[in-house]
Amino acid sequence: MARWKDDRRKRALHEAAHAVVARKLGLAVPRVTVRKDRAHALHESAAYLAQTADVATQIEAFEKDAIVAQARYTADVYEYPHPLEALD
């Protein structure tokens, strides 16, 4: 049972990161689900919403979607920090 609780916390932080960043970028987040079998943050896709817009707006939308996707990495690093090794 303890393993599921730890895993649930990790999944919740991961999905919350997607949801918070998506909302901050103006995207709707109707639901975040964390269950034993799956976890998911349902949010709008900026690229989908901008598919009929001009190219500059589409590029901006793809950038928003990429930022939302990267939010999980930031949450993981925040929860489990690790020292960066110097690159030679």
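A residue is called buried when its relative accessible area is under 20%, exposed when over 50%, and partly exposed in between (1.4 Å probe, protein chains only). The structure is a predicted model, in which local features need pLDDT of at least 70 and side-chain atom pairs count only at pLDDT 80 or more, while totals for chains, interfaces and linings use all residues. Residues are numbered from 1 along each chain as its sequence is written, and side-chain values use heavy atoms, with hydrogens and water left out.

Confidence comes first. The predictor's confidence in each residue is given as pLDDT, on a scale from 0 to 100. The chain has a mean pLDDT of 81. In total, 81% of its residues reach 70 or more. Helices (H or I, at least four residues) and strands (E, at least two) are DSSP runs, numbered from the N terminus.

Two strands form a hairpin. Strand E1 pairs with strand E2 (residues 39-42) in the antiparallel sense, over four bridges. Pairing requires that DSSP finds at least two bridges between two strands. Four residues link E1 to E2 in the hairpin. Val34 has Ala39 of E2 as its bridge partner.

Thr33 belongs to E1, which spans residues 31-34. Thr33 counts as buried because its relative accessible area is 10%. Contact means heavy atoms within 4.5 Å. With residues up to four places away in sequence not counted, Thr33 touches Glu15, Arg38, Ala39 and His40.

Arg35 sits in the loop between E1 and E2. Its relative accessible area is 44%, so Arg35 is partly exposed. Arg35 and Ala12 are 23 residues apart in sequence. Their C-alpha atoms are 9.3 Å apart in space.

The next region is the core. A nonpolar core is a set of buried Ala, Val, Leu, Ile, Met, Phe, Trp, Tyr and Cys residues joined through side-chain atoms within 4.5 Å. The largest one here has six residues: Ala22, Leu27, Ala46, Ala50, Ala61 and Val68. In soluble globular proteins, nonpolar side chains tend to be buried together. Ala46 is in contact with Leu27, Ala61, Lys64 and Asp65, leaving aside its neighbours within four places in sequence.

Tyr48 lies in helix H2. Tyr48 is classed as exposed because its relative accessible area is 57%. From C-alpha to C-alpha, Tyr48 and Asp65 are 9.6 Å apart in space. In sequence, Tyr48 and Asp65 are 17 residues apart.
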